[in-house]
Amino acid sequence: MTLAKLRQAYTSSRIIDGMGAVFSGYMVVENGRIIDVQKGALPDAVRTEAQTQMVELGEHTILPGMIDCHVHLTMDATPQVGPISTDEEKMLAFLRASRNALRTLHGGVTTVRDCGTQGNVDFALRRAASEGLCVTPRLLLSGEALCMTGGHGWRFLGQEVDGVDGVRKAARQRLKAGADNVKLIATGGILTPGGAIGNAQMSVDEMRAATDEAHNAGKISAAHAHAAQGIKNAVLANVDSIEHGYFIDPEGIDLMLRHGTWLVATSTPIRNVVTHGLAGGLSQDMVDKAQSAIDAHVSSFKQARAAGVKLAMGTDAGVPYTPHGSNLDELVYFVEMGMTPMEAIQVTTRDSARMLKMDHLVGTLEVGKCADFIVVEGDPLVDISILRAPAAIRKVVLNGRLVMDRDASQFLVGAAFGDQAVIGSRFFDA
């Protein structure tokens with residue numbers, strides 16, 4: 001009998017449930033689901049049950065699995081971001097995505113939304129995971145982002161489409177391929193040479209056509225949108241989330257409130273580009289655009305939060321100098337911009353699950369939900385930055401399956417993964 005089919009009882013002096021509570025207590029998991037979570041001592045009847053495996057965690061903290069709503073698993077955080085067009089590039093991209101997905105899990109993130117990749121590599125990754133060929137977080141996928149001809153990302157993550165009919169057909173193609181999310185490019189961006197970060201690109205009508213198709217299929221949509229007009233265009237097109245939103249203005253904030261639009265603010269990548277970009281080979285133009293975004297972002301984020309805009313967590317992991325596995329850096333920036341550690345955790349768990357329409361499955365530690373959780377050394381409510389240290393993430397459980405345990409052994413798993421190989425981890429088949 002494998003561990004995923006046993007009943008497991010976890011006890012800890014600190015359980016953070018994702019709903020705002022923290023308590024000393026226990027959680028019982030069976031067949032991949034949480035069947036009990038309570039304050040206080042574990043009942044003797046459960047502790048002595050023959051099929052119960054006890055996991056006593058002492059002062060370690062149990063939290064819901066973290067959720068990153070904006071990653072690019074095929075990208076490797078290198079300064080050169082290129083297309084995935086040939087068969088060889090697709091095979092290499094698949095291997096990178098598999099490795100990056102594992103790094104993400106080991107960093108404490110159990111659910112991700114990939115926000116754009118070429119060549120259907122993300123769909124192949126999901127199939128490989130379902131067949132047991134690799135270990136990944138829960139995957140919500142977009143396939144290629146949709147951009148106008150010459151729009152941001154056309155070389156490395158997008159499909160160029162124009163006009164309402166063209167965009168509608170492309171959205172249907174993405175959904176046919178298996179997309180959970182239709183990604184749209186509403187403005188220029190940092191990584192497309194020569195493009196101004198503030199330029200509006202796809203029209204309201206074009207984006208609305210894609211969003212309607214996503215909603216008709218029961219899926220969601222997201223818009224890359226940096227500057228004020230592009231943000232407003234995307235909100236008027238009924239997208240579910242604005243990605244980045246660095247230059248949002250008061251009118252845009254008001255529109256987001258009226259439409260119920262989420263903001264996935266991605267503080268991490270612009271900071272990393274400014275810190276590492278020039279030395280690493282990025283152009284002065286790209287670094288200047290990132291710096292302008294930082295200057296606007298902190299103020300606009302605080303205004304949006306104060307107004308009550310709904311927030312979810314995203315990192316843009318994979319873009320230059322933002323490596324997979326460092327996703328929880330974003331919580332540190334949340335706290336720097338005024339959140340409490342508890343609020344930062346809730347945005348990254350409960351609220352991100354709501355935005356992805358997955359809150360019936362994940363995001364909080366509640367009876368009936370999937371057993372996605374992490375075990376952390378220390379107390380992130382005292383110091384949120386402990387989540388940045390890989391060694392602080394001691395265990396990761398996905399759907400009741402222990403997929404990473406730094407305390408289990410000291411042998412090497414996944415030697416092909418280079419200098420970020422998994423040391424002191426053990427994997428168990430479901």
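Predicted model: local features only at pLDDT ≥ 70, side-chain atom pairs only at ≥ 80, totals over all residues.
Start with helix H5, residues 204–216. H5 has 13 residues and spans 18 Å from its first C-alpha to its last, close to the 18 Å expected at 1.5 Å a residue. Much of the interest lies in what H5 hides. Val204, Glu206, Met207, Ala209, Ala210, Thr211, Glu213 and Ala214 are buried. The cover over these buried residues includes strands S9 (145–147), S11 (181–185) and S12 (220–225), along with helices H4 and H6 (228–236). After H5 comes glycine 218, with a positive phi near 75 degrees.

Now take H4, residues 163–177, as a partner of H5. The two helices pack at an angle of about 30 degrees, and their axes lie 8 Å apart. Angles under 35 degrees count as roughly parallel, and H4 and H5 are therefore roughly parallel to each other. The crossing of H4 past H5 is right-handed. H4 brings Gly163, Val164, Val167, Arg168, Ala171, Arg172 and Leu175 to the contact. H5 answers with Asp205, Glu206, Ala209, Ala210, Glu213 and Ala214. By class, this contact holds seven nonpolar, one polar and five charged residues.

The second pair is H7 (residues 250–259) and H9 (residues 284–307). Their packing angle is about 35 degrees, with the axes 10 Å apart. H7 passes H9 in a right-handed crossing. Pro250, Ile253 and Leu257 of H7 meet Ser300, Gln303, Ala304 and Ala307 of H9. Here the classes are five nonpolar, two polar and no charged residues.

Notes. Residues numbered from 1 in each chain as written. Heavy atoms only, no water. Axes fitted to C-alpha atoms, helices over the stretch in contact; angles between N-to-C directions. Helix = DSSP H or I, 4+ residues; strand = E, 2+ residues; numbered from the N terminus. Parallel < 35°, antiparallel > 145°, perpendicular 65-115°, else oblique. Left-handed = near helix turned anticlockwise from the far one by under 90°. Contact = heavy atoms within 4.5 Å. Nonpolar A, V, L, I, M, F, W, Y, C, P; charged D, E, K, R; others polar. Expected span 1.5 Å × (residues − 1). Buried < 20%, exposed > 50% of the residue type's maximum accessible area, 1.4 Å probe, protein only.
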